[in-house]
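Please read them with the structure open.

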Amino acid sequence: KRPAGAPDAALARKVTKVGVVGAGLMASQMALLFARRLEVPVVLTDLDQARLDKGVGYVHAEVDKLLGKGRVSQDQANRLKSLVSGSLTKDAFADADFVIEAVFEDLAVKKQVFAEVEAVVSAGCVLATNTSSLSLTEMGAGLAHPERLVGFHFFNPVAVMPLLEIIRGAATDDATLATAFAVGKALRKSSVLVKDAPAFVVNRLLTCFMGEVVAAVDEGTPLETAEHALDGLGLPMTPFALLQLVGPAVGLHVAETLHEAFPDRFGVSENMAKLVASGKPGVYRPDFTLDPEAVALFAGG
Ligand code: 3HC
């Protein structure tokens, strides 16, 4: 069955090579998924060799885990590793059909990235963004071909979460959208088409929930109480564990975007901003015990 709003699948273009801009955690998780499900070469680019090595290293380590669990054979593992490579220049995207960016959440940075990508790719190449909240239409302004830009928003952990938000910008054409849906299907994700609105749909809903948890702590509820208040509802993760998975800086950026768009409905917690400024990964240490200094950044902690 065709997903709601998806164009005719016959319009989709074939994808034989994927480019990923950025080699951070989200980008590396995506690279592995593209290689595993599309079985095509995937090239990661980043600013320096150390970041590239880290990204490719992550992919290799995850492939080894899959091998250890018996999810892939030794031959498949070798092939997967050989499909994912790193390049310091975007020239490696010249023959890519689908290029996705997962760089810092800054509109100007993303526009610059796409201007550079557009200079090397062929006319039929889809440009996709994994932005969590920025406007597709603004991102496409200034592109020679904004009709090939589409939102392709994954959820953390990319390998596990079935959901994929596909966002149509004001200019996105049907062939681009059909290709995005076809790629989503090949990745075995459940794709939903959403409007180009601040934080789209999923992060808007998630921020309502997370914003209230953080506000409760800001207002004096002990963090441990807010963190475990909903345990009996069977959520897959506690709120602050989820915040740590997503990254406080990403969560804060989404909250700021929503506050700017809907100031009467979304606030920005000063204590969250302090947590981000502290550089801590969240309120937990790697061994998942609470970090008292991080907890103390919240008024009620
Ligand atoms: N990478 C790859 N695989 C992972 C993983 C990761 N980072 N984390 C967990 N997994 C795998 C495990 O290996 C395991 O696989 P297996 O069954 O093959 O062994 C499987 O997922 C289950 O993991 P666990 O048994 O360790 O743990 P749980 O059963 O508790 O599941 C979870 C972990 C899937 C992360 C679950 O807690 C969950 O669904 N949490 C909610 C996550 C969520 O809501 N994400 C959305 C965040 S919002 C977002 O990303 C948008 C952005 O724009 C902000």
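1. Start with Phe200. Phe200 is buried, at 1% relative accessible area. The model is a predicted one, so what follows describes a prediction. Phe200 sits in the loop between strand 8 and helix 7. Its phi is positive, near 55°, although the residue is not a glycine.

2. A second residue to check is Glu39. Its phi is also positive, near 55°, again in a residue other than glycine. Most residues other than glycine have a negative phi. Glu39 belongs to the loop between helix 1 and strand 2. Is Glu39 buried or exposed? Glu39 is exposed, because its relative accessible area of 53% is over the 50% cut-off. Phe200, at 1%, is buried.

3. The loop between strand 6 and strand 7 (163-168) holds Pro157. The peptide bond that joins Asn156 to Pro157 is cis, with omega about -10°. Most peptide bonds are trans.

4. In what order do the strands run? The sheet is open and has 8 strands, ordered 3-2-1-4-5-6-7-8, with mixed pairing. Strand 3 (84-87) and strand 8 (190-194) are at the edges. Each has a single partner strand, so one side of each lacks a neighbour in the sheet. From one strand to the next, the twist averages 25°.

5. Leu44 has Gly86 of strand 3 as its bridge partner. Helix 1 (residues 25-38) packs on the sheet. Helix 1 touches strand 1 (18-21), strand 2, strand 3, strand 4 (98-101) and strand 6. The direction of helix 1 makes about 170° with that of strand 2.

6. The largest nonpolar core has 41 residues. Which of them touch the most other members? They are Val18, Phe34, Leu44, Phe98, Ile100, Phe152 and Phe154. Helix 1 supplies the largest share of this core, 8 residues. Leu44 deserves a look for its contacts. Beyond its neighbours within four places in sequence, Leu44 is in contact with residues including Val20, Ala27, Ala31, Leu52, Val56 and Val84. Its bridge partner Gly86 is also among the contacts. Another core, of 20 residues, lies apart; Ala92, Leu136, Met139 and Leu143 are among its members.

7. Helix 7 (residues 202-218) has 17 residues. From first C-alpha to last, helix 7 reaches 24 Å, close to the 24 Å expected at 1.5 Å a residue. Its buried residues are Asn203, Thr207, Met210, Val213, Val214, Ala215 and Val217. What covers them? The cover includes strand 6 (149-153), helix 8 (223-228), helix 9 (239-246), helix 10 (248-261) and helix 11 (270-278). After helix 7 comes Gly220, with a positive phi near 120°.

8. On charged pairs: the whole structure has 11 salt bridges. Side chains of opposite charge can pair when their charged atoms come close. One of the bridges joins Arg51 and Asp48, at 3.0 Å from N to O. Arg51 is partly exposed, at 43% relative accessible area. Asp48 is partly exposed too, at 28% relative accessibility.

9. Glu105 and Lys110 form another salt bridge, at 2.7 Å from N to O. Buried or exposed? Lys110 is buried, with a relative accessible area of 0%. Glu105 counts as buried because its 15% relative accessibility is under the 20% cut-off.

10. The last pair is Glu118 and Arg148. Their closest N and O atoms are 3.7 Å apart, in a salt bridge. Glu118 lies in helix 4 (residues 107-120). Arg148 lies in the loop between helix 5 (136-140) and strand 6. The pair therefore ties together parts that are 30 residues apart in sequence. Both Glu118 and Arg148 are buried.

Methods
Residues numbered from 1 in each chain as written. Predicted model: local features only at pLDDT ≥ 70, side-chain atom pairs only at ≥ 80, totals over all residues. Heavy atoms only, no water. Helix = DSSP H or I, 4+ residues; strand = E, 2+ residues; numbered from the N terminus. Expected span 1.5 Å × (residues − 1). Buried < 20%, exposed > 50% of the residue type's maximum accessible area, 1.4 Å probe, protein only. Contact = heavy atoms within 4.5 Å. Pairing = 2+ DSSP bridges. Axes fitted to C-alpha atoms, helices over the stretch in contact; angles between N-to-C directions. Core = buried A, V, L, I, M, F, W, Y, C linked by side-chain atoms within 4.5 Å. Salt bridge = Lys/Arg side-chain N within 4 Å of Asp/Glu carboxyl O.
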